[in-house]
Amino acid sequence: FDDLAAKDTREFLDGSARIALQIPKSFHEYIFVEQDPERCAELSKLKTDFPALASRIKPINDEANNYLTSLCKSFNWLREGRRAVVFLDPFGMQVSWTTIQAIAQTQAIDLWLLFPLGIGVNRMLPKSGQFPPGWRRRLDSMFGEPDWYSAFYETHKTPSLFGDSLEIAVKRADSSAISNYFVKRLKTIFPHVADNPLPLFNSSNCPLYLLCFAAGNQKGGKIAKRIAEHILKP
């Protein structure tokens with residue numbers, strides 16, 4: 001899609017690692033996962049730009065879904081007293097639901113996610129309901145179930161030339177409906193999910209991403225959700 005290469009789209013994606021390192025209250029580790037070797041090498045340069053944090057910065061050249069799933073399953077997070085914040089800023093629809101599930105199952109990780117609302121999902125929902133090969137599988141992977149189809153489409157019957165009737169699928173979902181559906185999905189696996197995800201628009205006022213928050217910890221997540229909802233106010 002053309003939007004993926006647009007300048008204002010890249011502005012949402014570029015710089016998140018640098019911004020994380022500028023947070024006043026620092027973390028024990030900063031793990032930056034990037035599959036592209038050249039971009040991963042660029043992340044390594046952050047050690048020079050932030051010398052005080054150099055020993056904590058860990059660029060990882062790997063596919064993010066694989067790495068995060070493995071990381072989440074590597075520890076007993078609650079028993080070991082581990083906590084983390086994950087920020088997922090995919091360049092499109094690379095994040096799978098199984099990765100989001102793995103994060104939720106730790107019960108110790110808070111998630112910020114740039115959900116590809118307009119830049120991915122809405123573009124992959126043709127008005128006619130006729131999908132190119134692979135698109136429905138990709139959406140199944142994104143939402144973790146095929147039920148999105150009945151939520152986003154309605155079926156109409158129309159008479160054919162031969163006297164019988166044909167079923168025609170018509171898209172009924174707009175950006176708001178897609179947003180509500182994804183938030184509902186997050187609530188099936190996280191105990192606390194911000195109810196006011198923030199849509200991020202391009203210069204043409206088209207929604208590109210939806211900034212979502214979900215907290216994995218049953219006790220502390222309530223406060224985290226309240227703070228996140230304050231941050232997400234437009």
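Is E145 buried or exposed? E145 is buried, with a relative accessible area of 19%. Buried here means under 20% relative accessible area, exposed means over 50%, and partly exposed lies in between (1.4 Å probe, protein chains only). The structure is a predicted model, in which local features need pLDDT of at least 70 and side-chain atom pairs count only at pLDDT 80 or more, while totals for chains, interfaces and linings use all residues. Residues are numbered from 1 along each chain as its sequence is written, and side-chain values use heavy atoms, with hydrogens and water left out.

The overall chain is described first. The protein chain has 11 helices and 9 strands. Helices (H or I, at least four residues) and strands (E, at least two) are DSSP runs, numbered from the N terminus. The C-alpha trace spans about 75 × 40 × 35 Å along its principal axes. Of the 234 residues in the protein chain, 41% are buried. The chain exposes about 13500 Å², and carbon and sulfur atoms supply 53% of that area. Accessible areas come from the Shrake-Rupley method with a 1.4 Å probe; for residues, only the protein chains shown count as cover. Contacts were also sorted by sequence separation, a contact being heavy atoms within 4.5 Å. Among contacts between residues at least 6 apart in sequence, 66% join residues at least 24 apart.

The surroundings of E145 come next. E145 sits in the loop between α8 (135–143) and α9 (148–152). Not counting residues up to four places away in sequence, E145 touches D140, Y181 and R185. The side chains of E145 and Y181 are joined by a polar contact of 2.3 Å. A polar contact is a pair of N or O atoms within 3.5 Å; within protein, one must be able to donate a hydrogen and the other to accept it, and residues adjacent in sequence count only if both atoms are side-chain atoms.

Side chains of opposite charge can pair when their charged atoms come close. A salt bridge is a side-chain nitrogen of Lys or Arg within 4 Å of a carboxyl oxygen of Asp or Glu. By this rule the count is 10 salt bridges. One of them links the side chains of E145 and R185, at 3.5 Å from N to O. E145 lies in the loop between α8 and α9, and R185 lies in helix α10 (residues 175–186), so the pair ties together parts that are 40 residues apart in sequence. R185 is buried, at 11% relative accessibility.

D195 and K225 form another salt bridge, with their closest N and O atoms 3.4 Å apart. D195 lies in the loop between β7 and β8 (198–201) and K225 in helix α11, so this pair ties together parts that are 30 residues apart in sequence. D195 is partly exposed, at 44% relative accessibility. K225 is partly exposed, with a relative accessible area of 22%. K225 also forms a salt bridge with E229, where the closest N and O atoms are 4.0 Å apart. K225 and E229 are 4 residues apart in helix α11, separated by about one helical turn. Salt bridges that share partners join K187, D195, K225 and E229 into one network.

Helix α11 (residues 221–231) has buried residues G221, A224 and A228. These residues cover an arc of only 55° around the axis, which puts them on the same side of α11. The arc is that of the directions from the helix axis to the C-beta atoms. The cover over the buried residues of α11 includes β4 (109–115), β7 (192–193) and β9 (207–215). Exposed residues K222, R226 and H230 are carried on the face of α11 turned away from its buried side.

R83 lies in the loop between α5 (64–73) and β3. Leaving aside neighbours within four places in sequence, R83 is in contact with W77, A108, D110 and N217. The side chain of R83 reaches the backbone oxygen of A108 at 2.7 Å. The C-alpha atoms of R83 and P199 are separated by 27 Å, and these residues are 116 residues apart along the chain.

V85 is in strand β3 (residues 84–88). V85 is partly exposed, at 45% relative accessibility. I23, F27 and V85 make a nonpolar surface patch of about 240 Å². Patches are made of residues with over 30% relative accessible area and no salt bridge: like charges are joined within 9 Å, and nonpolar side chains (Val, Leu, Ile, Met, Phe, Trp, Tyr) within 5 Å.
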